[in-house]
Amino acid sequence: MKKIIRVTTVPISLGGLLKGQLKFMSKHYKILGISAYGGGVLNKVGSEEGIKVIPVEMTRKITPIKDLKAVMQLYKIFKQQKPFVVHSHTPKAGTVSMIAAKLAGVPHRLHTIAGLPLMEAKGIKRFVLNWVEKLTYACATKIYPNSFGLKEIILNHKFTSLKKLKVIGNGSSNGIDTNHFDPSTFTENDKSSLKKILKIKSEDFVFVFVGRLVKDKGINELIHAFQRLIKNHPDTKLLLVGSYERKLDPLEKKTEDFIATSKNAIAVGWQSDVRPYLAISNCLVFPSYREGFPNVVMQAGAMGLYSIVTDINGCNEIITASENGTIIPAKSIEHLSKVMKKILNNKEKYKDSRKYREMILNRYEQDYVWKQILKEYQSIEN
């Protein structure tokens, strides 16, 4: 059985972004997983996916000495394991593993792009990140943007040539398990119990955000828009599901202060299972500045939610305007406030949960995405 090594920077990506996919691929290839150790998280991923895992220290920041060490360690692993494919995800893992795989003579070096953090960078940092991106693509034999919009951005920035690029299926790195993300899983009693714990009244309208509570996700704009909204709609709640990253991408102090003190904003932190929170919500708000192919928008749709998203790649592919969501410009408090108000004033119009769910089922079912990736591996093998 031929060997494939999958690499992510941190184990939560290996076990989360690719959940179930590694186990599926193990039926066809010998799969190894590489990521940072993460205090035992990596071993847990290996156990859940039924694969061998190998820890390699990698960081999400620019750390030249640690990055060089990671390249050397990966080079040794690739020479020893002799995979026919090294397939990386996440920016840092892509750079160090593509360099190491090229040096080690791995014939097929694949890298999936699920977003470009450099898009919000400026000055020297932007120059360095652009150079690193080009280096990563140069070392890879194939680049897989996980959305068509991302493919166009890569071409527009001339990071690589068209012949190296391919979007698999309809986009997405892993698709969505629509049996898992199913609103019928939760009873009215389940939802009432959670609402009671969170002090959400039955008549409250709940907007939900799922993701990191950081500037790049549009949280500052979201809070500004929400503050305007609750002046005339006090029976509105904003449910925030995710953790802060104060060192990497901090929020404005007044944003954090509002979240901490307002009775209308409910921050529940990072959750291993976001479904209960989507189940008690009425509408997803996802005002991100940049994405690859956001899982949360697919998850919310599969749970029957209408979505407000920004006009960025991934989001504007999952959402069809006025069909299963509204698309607004990024970084616009005015547009966000206006759309949230419109939805509150026409609540019944946005309750067509079956339609929103079907639009996800038809395009992004996980089994379909996995089979498309498998087909890609098989085409390389042959």
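Met-340 makes contact, meaning heavy atoms within 4.5 Å, with Phe-207, Leu-222, Ala-225, Phe-226, Leu-229, Val-285 and Ile-308, leaving aside residues up to four places away in sequence. The model is a predicted one, in which local features need pLDDT of at least 70 and side-chain atom pairs count only at pLDDT 80 or more, while totals for chains, interfaces and linings use all residues. Residues are numbered from 1 along each chain as its sequence is written, and side-chain values rest on heavy atoms, with hydrogens and water left out.

Met-340 is also one of the residues with the most contacts inside the largest nonpolar core, a set of 64 residues; Leu-198, Phe-207, Leu-222, Leu-239, Val-297 and Ile-308 are the others. A nonpolar core here is a set of buried Ala, Val, Leu, Ile, Met, Phe, Trp, Tyr and Cys residues joined through side-chain atoms within 4.5 Å. Another core lies apart from it, with 31 residues, among them Ile-34, Phe-78, Met-98 and Ile-99. In soluble globular proteins, nonpolar side chains tend to be buried together.

Val-297 sits in helix α12 (residues 295–302). Helices (H or I, at least four residues) and strands (E, at least two) are DSSP runs, numbered from the N terminus. Val-297 counts as buried because its relative accessible area is 1%; the cut-offs are under 20% for buried, over 50% for exposed and partly exposed in between, with a 1.4 Å probe and protein chains only. Its contacts, again without residues up to four places away in sequence, are Leu-284, Phe-286, Ser-307, Val-309, Cys-315, Ile-318 and Ile-319.

Asn-362, in helix α15 (residues 353–364), counts as exposed because its relative accessibility is 66%.

Turning to the sheet, six strands make an open, parallel arrangement in the order β3-β2-β1-β4-β5-β6. The edges are β3 (52–55) and β6 (142–145), each with a single partner strand, so one side of each has no neighbour in the sheet. On average, neighbouring strands are turned by 20° against each other, direction ignored. Pairing requires at least two bridges found by DSSP between two strands; β2 (residues 30–35) and β3 pair in the parallel sense over four. Gly-33 stands opposite Val-53 in β3. Helix α3 (residues 41–49) lies across β2 and β3 and runs at about 165° to β3, with axes fitted to C-alpha atoms, for helices over the stretch in contact, and angles from 0 to 180 degrees between N-to-C directions.

Grid points are joined across faces, edges and corners, and a volume is the space filled by probe spheres set on the points. The whole structure holds one cavity of 30 Å³ or more.

Of its 25 lining residues, Lys-191, Ala-279, Ile-280, Ser-281 and Asn-282 are the closest to its centre. Helix α8 (188–198) gives the largest share of this lining, four residues.

Note on methods. On a 1 Å grid over the protein atoms alone, a cavity is a set of points where a 1.4 Å probe fits but cannot get out, and a pocket is an open set with protein on both sides within 12 Å along at least five of seven lines; lining residues have an atom within 4 Å of a point.
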